[in-house]
Number of protein chains: 2
Amino acid sequence: MMGGRPVAVVGAGMIPFGELFEQSYEEMIVGAYRECLGSVDKGIDEDRLEAAWLGTCAGGLIRQEIVTGAALAEPIRFFPRPVTRIENACCTGSDAVRNAAFAVAAGIYDVVLVVGAEKMRDVPSRDSLIRQTSVLFHEWWAPRGATAPNRFGQFATAHMEAFGTEREHMAMIAEKNHHHGALNPHSFFRREVSCEQALAAPIISWPLGLLDCCPTTDGAAAIVLASADVADQFSDNPIYMYGSGLATDPLISPWKRDFTAFEATTTAANAAYAMAGIEASDVDLAEVHDCFTITELITWEDLGFCEKGKGKDWIEQGGPKLGGEKPVNTSGGLKAKGHPIGATGVSQVVELWEQLRGEAGERQVEGARIGLTHNMGGIGTVVLVNIFGSTPTPETGR
Amino acid sequence: MMGGRPVAVVGAGMIPFGELFEQSYEEMIVGAYRECLGSVDKGIDEDRLEAAWLGTCAGGLIRQEIVTGAALAEPIRFFPRPVTRIENACCTGSDAVRNAAFAVAAGIYDVVLVVGAEKMRDVPSRDSLIRQTSVLFHEWWAPRGATAPNRFGQFATAHMEAFGTEREHMAMIAEKNHHHGALNPHSFFRREVSCEQALAAPIISWPLGLLDCCPTTDGAAAIVLASADVADQFSDNPIYMYGSGLATDPLISPWKRDFTAFEATTTAANAAYAMAGIEASDVDLAEVHDCFTITELITWEDLGFCEKGKGKDWIEQGGPKLGGEKPVNTSGGLKAKGHPIGATGVSQVVELWEQLRGEAGERQVEGARIGLTHNMGGIGTVVLVNIFGSTPTPETGR
């Protein structure tokens with residue numbers, strides 16, 4: 001369990017992700033905040049929120065600007081309360097959740113807000129995510145032109161060589177996540193994509209085609225964390241945070257020991273499992289970082305959902321599909337729901353909030369009790385795993 | 001007291017701040033880390049450090065790049081351990097200390113590392129701090145040309161008009177902090193500046209002259225925080241963290257209610273005093289955010305070190321000078337020691353570490369038991385106050 005006091009989630013909401021030219025950064029934050037407040041079963045006086053954490057890469061990633069906690073405090077009129085701003089690449093939102101949870105666990109605050117937000121579509125392509133991934137910090141000496149698709153493509157070709165994984169298996173992940181996303185009103189892409197379409201899409205960086213890549217996206221998400229002992233003031237049906245693990249690994253390709261696994265995922269997951277007192281087999285569903293289809297496939301293996309090298313078999317068996325053994329990315333994932341970087345990790349908790357409360361409608365995973373979120377920043381450089389459940393302590397049946 | 005478990009500082013070190021063209025960002029981090037490890041009385045096995053927080057504005061502030069926790073993990077070979085990266089304008093370093101302390105207080109980790117680092121001199125002037133302050137996030141609609149000296153200059157003229165503060169009082173602060181800095185081997189400027197010199201310096205933005213402004217600086221600092229119950233494994237003479245307060249206030253000048261005070265300083269200080277169970281009068285010495293001399297003068301008043309409007313009298317009486325009632329910025333402050341943004345808040349703890357342990361040499365404040373650090377980001381937009389002391393709980397004598 002988390003050290004200190006148990007921590008609950010008593011509210012979670014988000015705006016539909018997408019290409020939101022009609023909404024400013026501030027409007028997205030206000031929208032997610034209002035959705036979050038509206039999700040609190042018994043209602044919540046805004047003054048009960050004692051502090052906040054903002055997860056956003058705006059500034060470093062998007063514009064060369066200084067971003068403070070005031071970027072959150074201003075649109076939601078949160079002054080003079082404390083706001084910490086976290087930036088940790090694609091783990092940004094999940095790390096905001098983690099640090100906020102620690103403050104509640106420590107007894108510093110009883111009720112806190114976490115917001116993740118990113119405006120990514122309002123920039124010229126020279127400032128796009130694709131361009132940014134070639135200027136990752138400390139990467140100046142790396143070969144120019146190295147972008148995310150070709151960095152992750154290296155993992156795809158290595159995995160194909162080592163284990164016989166084929167482009168068809170990656171296409172099945174695109175099909176799965178687009179199917180899930182089509183069922184999710186919060187999803188950027190609400191349309192089915194077939195394996196055939198995915199395989200026929202233009203190649204971006206071999207073996208990854210356009211439909212193996214997640215989109216750049218605008219969006220925001222928000223959750224309210226509370227000490228478990230006050231959670232019943234807000235909800236008869238909160239969910240609980242069981243554990244959190246963060247791990248680091250070298251950014252630079254020449255320093256990777258293995259191109260068929262992301263070591264930091266296993267390190268972070270093991271830390272989170274230990275804190276939660278569970279095993280991988282206890283997880284009922286997961287939201288994982290499918291920035292590319294191959295990333296999701298490798299992540300199943302690294303999280304222990306299936307054996308290393310057996311991802312191809314697991315997707316063939318339907319394991320990660322809705323109705324399967326352990327549904328993954330029922331929200332549509334980064335692939336279909338979208339990937340507004342700072343918002344992603346927070347939005348994953350929104351999906352678990354709905355699933356673990358049995359409110360996910362057509363996407364509902366039957367009997368979902370324990371869920372996991374997973375984010376990866378850089379090329380497996382920072383990985384964060386958070387674990388949540390529907391009961392105050394994990395009921396694993398073991 | 002901090003919620004959860006009591007938190008101690010068991011090591012603190014920094015490299016001398018300055019114009020460090022000969023050191024890379026990574027070399028500065030390694031230097032501060034080594035100084036910090038070397039300061040641990042009984043030595044420390046590096047493997048005891050379970051997690052880290054990196055405070056840096058690099059990326060958003062300096063280069064348009066993504067910065068992750070790996071920016072710290074790489075140079076000190078910290079892989080695969082967790083590193084959170086915090087950015088909160090000039091509160092960045094202090095907020096890294098705050099979040100790290102919460103994680104220890106929560107019982108998540110027993111021993112953690114906090115590093116603050118900034119490389120600010122290796123950029124063309126178009127990317128300088130002066131330029132950056134005119135592109136603070138959400139400031140795009142503010143008048144172009146608004147820079148830190150003229151934003152803080154507004155507070156100076158308002159304070160002069162309201163309370164009769166004169167340029168001479170600001171010059172006395174420059175003289176004081178340069179005198180302190182001349183005694184500090186970690187200081188960027190180790191030379192005296194007289195009131196006459198400060199008054200004769202070229203005006204940057206009335207009434208602030210060149211010697212009213214802190215320099216842009218390269219530097220890094222590091223501390224080790226530990227649960228108080230394991231602190232004796234590392235030191236017979238640790239210092240303790242009593243409290244922390246963070247507050248926000250609108251960035252935009254038209255939304256300020258008062259130009260003679262920074263409201264967020266009072267809010268943050270009151271939160272920190274309450275958590276620590278102390279009053280302003282219990283503070284023996286403080287490191288405060290003298291980005292401009294007027295900022296320090298107003299901060300004394302906002303922290304409760306003297307009455308509002310009486311800062312001019314307090315400096316005339318020598319209150320904040322070494323040997324005075326409550327010495328402020330014995331390190332030299334941002335003004336003389338320098339202001340590498342992400343490092344500043346961490347380096348303030350290094351000064352308190354030396355002072356509260358009685359190891360500050362010529363700068364020693366006699367009988368120092370309780371010390372405070374204060375950082376301000378933006379124009380009073382985010383303010384963070386951390387409080388430390390030489391005994392496990394505050395001995396205020398009340």
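A: In this predicted model, the buried residues of helix α1 of chain B are B:Tyr25, B:Met28, B:Ile29, B:Ala32, B:Tyr33, B:Cys36 and B:Leu37. Seen down the axis of α1(B), these buried residues fall within an arc of 165 degrees, so they line one face of the helix. An α-helix has 3.6 residues a turn, so residues three or four places apart point the same way. The partners of the buried residues of α1(B) are β1 (7-14), β2 (51-55), α2 (70-73), β4 (111-118) and β7 of chain B, against which they pack.

The length of the helix can be checked as well. Helix α1 of chain B covers residues 25-38, which makes 14 residues.

B:Ser235 sits in the loop between β7 (219-227) and β8 (239-248) of chain B. Its relative accessibility is 1%, so B:Ser235 counts as buried, the cut-off being under 20%. The side chain of B:Ser235 makes a polar contact of 2.6 Å with the side chain of B:Asp41. With neighbours within four places in sequence left aside, B:Ser235 is in contact with B:Val10, B:Asp41, B:Lys42 and B:Arg357.

Next come the aromatic rings. Over all chains, the count comes to 18 aromatic pairs. In one pair, B:Phe188 and B:Phe189, the ring centres are 4.3 Å apart and the planes lie at 15 degrees, so the pair is stacked; planes under 30 degrees apart count as such. B:Phe188 is partly exposed, with a relative accessible area of 21%, and B:Phe189 is partly exposed at 22%. Another pair is formed by B:Phe305 and B:Trp314, whose ring centres are 6.3 Å apart and whose planes are at 55 degrees, so this pair is tilted. B:Phe305 counts as buried at 6% relative accessibility, and B:Trp314 is buried with a relative accessible area of 4%.

In chain A, ring pairs link A:Phe152, A:Phe155, A:Phe259, A:Phe262 and A:Phe292 into a cluster. Charged side chains also sit over rings there. A:Arg81 lies over the face of A:Phe78, at 4.0 Å from the ring centre, and A:Lys326 lies over the face of A:Phe305, at 5.1 Å from the ring centre.

How values were computed
Residues numbered from 1 in each chain as written. Chains lettered and ligands numbered in written order. Predicted model: local features only at pLDDT ≥ 70, side-chain atom pairs only at ≥ 80, totals over all residues. Heavy atoms only, no water. Helix = DSSP H or I, 4+ residues; strand = E, 2+ residues; numbered from the N terminus. Buried < 20%, exposed > 50% of the residue type's maximum accessible area, 1.4 Å probe, protein only. Polar contact = N/O pair within 3.5 Å; in protein donor to acceptor, adjacent residues only side chain to side chain. Contact = heavy atoms within 4.5 Å. Expected span 1.5 Å × (residues − 1). Arc of directions from axis to C-beta. Phe/Tyr/Trp six-rings, centres within 6.5 Å; stacked < 30°, edge-to-face > 60°. Lys NZ or Arg CZ within 6 Å of the ring centre and 35° of its normal.
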